[in-house]
Amino acid sequence: MAEISQPRRPILRNIQSILQREMVREFLAESMSTYVMMVFGLGSVAHMVLGDQKLGSYLGVNLGFGFGVTMGVHVAGGISGAHMNAAVTFTNCALGRMPWRKFPIYVLGQFLGSFSAAATTYLIFYSAIDHFAGGDLLVTGPLSTANIFATYLPEHMTVWQGFLDEVFVTAMLQLCLFAITDKKNSPALHGTEALVIGILVCVIGVSLGMNSGYAINPSRDLPPRFFTFIAGWGKKVFRAGDNWWWVPVVAPIVGAYIGGIVYLGLIHCSIPQQPQRLENSAAGGQKITASPVVPLTRISSTPAPNQPAPLASPMVPLTRISSTPSSTQAPNQPAPIASSPMVPLTRISSTQAPNQPAPIASSPMVPLTRISSTPSSTQAPNQPAPLPSGSMTLEQF
């Protein structure tokens, strides 16, 4: 037994290394998410058609596809983004949001998942399909069952009317998808994207889905149509409705591209940018934050030789601070400090002896109009000028 199990380990490791490759993971993610979406969606259509409007309804179809999309996003949203739609994948590649080399991988995965879902639905409802039409597999008419798997043009519309309808509906889908996932606009809350996208699909169905069946997805329509061709419905699945089959393939691609351009060109590019905050080094290792929304009239300072310039505070605008050292003040005695968070200061005067620090004005709630500092002749060299503390927007020193 040990001899048999040893050769298997390298094989399992090789399989794991293959599955961990980015392209393989994205292929499987798109395949599984599309499979989940289509199983729920096609199953809801089968209930409506085979249940004779008693076990299912048109609203049930919209809910089935809508919440099927939600489950699909939860399955693969963190791996491939869960496009589940060749038109969405094409638009993201055409607009530079993902590389073209991923396009065939995504589309092949979507087609495989959709085809497998059609086969699964057929096996689940095989006896009901056989009983509904008396063993006949019909494409058109009141007993047709091909419409469980793909969309067909109604009698009241022409092919080009259906084409324009699919273009418009898919454009609305792509425009809203970009809005839901745009972090710079008003995106869905984190963790609710899947639910919101599912609601979007449901809303499109209940409001715009009557005319052409809102395929809005080549991966949703073409693979199941191929399955019905193979399973016994025959060539009529492509010929019905004046060769309608190509419209759900081409029109969604055109519509998604238009919807993406409209959103990016009219909405995304006009979103205002966040104001930038600039930090510059100041004397003493402090930082001055420049903010364009807090204007100041002027800060004037005439320092003595080798004396640092005063620093202004954006939250303490004072009318005037005047400092004139006095010979009557005792040496090494601290100067008066004026501080009032709610009362504006009109003037602070201090007369101090040499080598004594100048007064400091601080008021976090009173804006500053002007700071003037002119040291007198009695002030010793290398004495710091008055410093209003804090950070502010500076127009001029």
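Predicted model: local features only at pLDDT ≥ 70, side-chain atom pairs only at ≥ 80, totals over all residues.
1. The largest pocket, for its part, has a volume of about 1,100 Å³. It is lined by 44 residues, of which V201, Y214, A215, I216 and N217 are the closest to the centre of the pocket. When this lining is sorted by class, 25 residues are nonpolar, 16 are polar and three are charged.

2. Helix α4, which spans residues 86-94, packs with helix α5, residues 103-124, at an angle of about 170 degrees, and the axes of the two helices lie 10 Å apart. Because angles over 145 degrees count as roughly antiparallel, α4 is roughly antiparallel to α5. On the α4 side the contact is made by A86, T89, F90 and C93, and on the α5 side by F103, Y106, V107 and Q110. By class, this contact of α4 with α5 holds six nonpolar and two polar residues, with no charged residue.

3. The axes of α4 and helix α11, the latter covering residues 247-266, come within 8 Å and cross at roughly 45 degrees, which makes α4 oblique to α11. The crossing in which α4 passes α11 is right-handed. A87, F90, T91 and A94 of α4 make the contact together with P252, I253, A256, Y257 and G260 of α11, and the residues of this contact divide into seven nonpolar and two polar, with none charged. A reader tracing α4 may note that F90 takes part in its contact with α5 and also in its contact with α11.

4. What is the angle at which the axes of α5 and helix α9 cross? These axes cross at roughly 45 degrees and come within 8 Å, with α9 running over residues 218-233, and the arrangement makes α5 oblique to α9. Here α5 passes α9 in a right-handed crossing.

5. In the contact between these two helices, Q110, F111, S114, F115, A118, A119 and Y122 of α5 meet a set of α9 residues that runs P218, S219, R220, L222, P223, P224, F226, F227, I230, A231 and W233. The residues of the contact of α5 with α9 divide into 14 nonpolar, three polar and one charged.

Definitions and conventions. Residues numbered from 1 in each chain as written. Heavy atoms only, no water. Axes fitted to C-alpha atoms, helices over the stretch in contact; angles between N-to-C directions. Helix = DSSP H or I, 4+ residues; strand = E, 2+ residues; numbered from the N terminus. Parallel < 35°, antiparallel > 145°, perpendicular 65-115°, else oblique. Contact = heavy atoms within 4.5 Å. Nonpolar A, V, L, I, M, F, W, Y, C, P; charged D, E, K, R; others polar. 1 Å grid on protein atoms, 1.4 Å probe; cavity = no way out; pocket = protein on both sides within 12 Å on 5 of 7 lines; lining within 4 Å. Points joined across faces, edges and corners; volume = space filled by probe spheres on them. Left-handed = near helix turned anticlockwise from the far one by under 90°.
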